[in-house]
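Q: I'd like to learn how to read a model like this one, feature by feature. Could you walk me through it?

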Amino acid sequence: MFETLSDRLTSVFSSLRGKGRLSDADIDATAREIRIALLEADVALPVVKEFVAHIKERARGAEVSQALNPAQQVVKIVNEELIEILGGETRRLRLAKTPPTVIMLAGLQGAGKTTLAGKLARWLREQGHAPLLVAADLQRPNAVQQLSVLAERAQVGVYAPSPGNGEGDPVQVARDSIEYARHKQHDIVIIDTAGRLGIDADMMRQAADIRDAVSPDEVLFVVDAMIGQDAVTTAQAFMDGVGFDGVVLTKLDGDARGGAALSVRQITGRPIMFASTGEKLEDFDAFHPDRMAGRILDMGDILTLIEQAQRTFDEQETARMAGKLASGEDFTFEDFLEQMMMVRRMGPITNLLGMLPGMGQMREQLNQIDEKDLDRVAAMIRSMTPAERQNPKIIDGSRRARIARGSGVTVTEVNSLVTRFFDAQKMMKQMRNGMGIPGMPGGKN
Ligand code: GDP
């Protein structure tokens, strides 16, 4: 999801690195590239225009920052604007004061509504609710059967029409289900309605009738992200025909572009509330604009890191380290130790490392790093001779044994530290060639 856009934006940002300040021409060129990136990602034109205009305006007016270089400034602005078009705050489900809360799903056939009903029910059950799934999709063959199977898998209740029990009349089914839920103490009712393959007046009328019969607390419009620009047209039609409170995007796993996600909120003014990313019941979650923007930019929480660094790093210390790294000098054990100490002052190491770009997958591993580990590492480095710290390549077997003895650890631990150090050295090199890190203006010059 969003791979195309991520790649594009990353290359836009990297073309800015190394620049001391951005001229108007730089800003124009960047804005143009961002525009192309968004259009390629299938974002609707009016949304693209507004987005790019904001970026330009803000980049021009950006205050000169001591701690952020121009590339980082632009990343920060784009990130904030992405969050904005994705809806700003996470929009949570509104629960009724008097249960049951009624949630009605609307959307085209094949959008993934029925699957979504099962996913939402499971998700709510896990949060301690007792949802009831209601099969008011009486059009599509098998829809009722499919919903019953999903209810069983999600371990929630189901209300389906049977002969003499609202058969053939979805409005009646929906109305009766509320009574049933009250009686059986279900606190949330999820009504799956019928869709058609295309936008259709009958479908809209039926959905509107169900809406009027049950006065839902939330009408959710379910839309397949893979249909690209059509998502916007469909959303508009449903907005006019039925009206809705929130959007659920499905099949985000199948769309590398993600234009629907970036357009639908701006066009309809309704927030994206949930996202579905696969066929399994678990492939589903609440939609968080900030996390999604972070994923699009593939930056982890680099911005938080930048801000935290700005607050904590001592300027001189940073400048010295920056000068050293920018000049391409080798990263030594002295630096390693110094950095570790700086990082420690900034907060729990796991939080920080998790914020670095590309570290997302390593988060599991990072969670296992023990703070106490740091003391042992410091002890090992302090047991090294100055020559060893400056030039770690000379640390052979007998030196390792001596360091282990000197710091009271095993040789295995020394071995693993040396390996980790070389990894860090490699990473520092990559960073130097990449976006730059806090306080290090530019990257490779
Ligand atoms: P409905 O007609 O709107 O009720 O759509 P269904 O729930 O029957 O879904 C249509 C098809 O899309 C089914 O084959 C689902 O397995 C599939 N589907 C639903 N959600 C997702 C999703 O998030 N990702 C993927 N890859 N497939 C999905």
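This is a predicted model: local features need pLDDT of at least 70, side-chain atom pairs count only at pLDDT 80 or more; totals for chains, interfaces and linings use all residues.

Q: How do I tell whether arginine 270 is buried or exposed?

A: Count the C-beta atoms around the residue: 20 or more others within 10 Å make it buried. Arginine 270 has 21 other C-beta atoms within 10 Å, so it is buried.

Q: And which residues is arginine 270 in contact with, if I skip its neighbours within four places in sequence?

A: The contacts are Phe244, Asp245, Gly246, Val247 and Arg265. Take glycine 246 from that list: it is 24 residues apart from arginine 270 along the chain, yet their C-alpha atoms are separated by 5.4 Å.

Q: How much of the chain is buried overall?

A: Buried residues make up 40% of its 445 residues. As for the elements, the chain has 20 helices and 8 strands.

Q: How should I read a strand, say β4?

A: The general idea is that side chains in a regular strand alternate between the two faces of the sheet. So you check each face in turn. In β4 (residues 188-193), Ile188, Ile190 and Asp192 are buried on one side, and Val189, Ile191 and Thr193 are buried on the other. Put together, 6 of the 6 residues of β4 are buried.

Q: Which strands are joined to β4?

A: Look for the bridges. Strand β1 (residues 101-106) is joined to β4 by 5 of them, and the two run parallel. Strand β2 (residues 131-136) also runs parallel to β4, with 6 bridges. You can pick out individual partners too: threonine 101 pairs with isoleucine 188, methionine 104 with isoleucine 191, and alanine 135 with aspartate 192.

Q: What covers β1, and what else is β1 joined to?

A: Both faces of β1 are covered: Thr101, Ile103 and Leu105 on one side, Val102, Met104 and Ala106 on the other, all buried. There are also 4 bridges from β1 to strand β5 (residues 218-224), again parallel. Leucine 105 is opposite leucine 220 in β5.

Q: Where is the largest nonpolar core, and which residues have the most contacts inside it?

A: A core is a group of buried nonpolar residues, so you follow who touches whom. The largest one has 98 residues, and Val134, Ile190 and Ile191 have the most contacts inside it. Domain 1 (3-85) and domain 2 (101-288) both give residues to this core, so it lies between them. There is also a second, separate core of 10 residues, including Phe333, Val377, Leu417 and Phe421.

Q: What should I look for in the backbone itself?

A: Check the torsion angles. The peptide bond from proline 99 to proline 100 is cis, with omega near 5°, and proline 100 is in the loop between α4 (70-85) and β1. Then look for positive phi in residues other than glycine. Glutamine 185 has a phi of about 60°, and lysine 251 has one near 60°.

Q: Are glutamine 185 and lysine 251 buried or exposed?

A: Glutamine 185, in the loop between α7 (170-184) and β4, is exposed, with 11 other C-beta atoms within 10 Å. Lysine 251, in the loop between β6 (246-250) and α10, is buried, with 23.

Q: Last one: which residues surround the ligand?

A: Read the shell by its members and their types. It has 18 residues, and the closest are Gly112, Lys113, Thr114, Thr115 and Ser276. By type, the shell has 1 nonpolar, 12 polar and 5 charged residues. Helix α5 (residues 113-126) gives the most to the shell, with 3 residues.

Note on methods. Residues are numbered from 1 along each chain as its sequence is written. A residue is buried if 20 or more other C-beta atoms lie within 10 Å of its own, exposed if 12 or fewer, and partly exposed in between; C-beta atoms are placed from the backbone. Two residues are in contact if their C-beta atoms, placed from the backbone, lie within 7 Å. A residue is near a molecule or strand if its C-beta atom, placed from the backbone, lies within 6 Å of it. Ala, Val, Leu, Ile, Met, Phe, Trp, Tyr, Cys and Pro count as nonpolar, Asp, Glu, Lys and Arg as charged, and the others, Gly among them, as polar. Two strands pair if DSSP finds at least two bridges between them. A nonpolar core is a set of buried Ala, Val, Leu, Ile, Met, Phe, Trp, Tyr and Cys residues joined through C-beta atoms within 7 Å. Domain bounds come from an automatic or database domain assignment.
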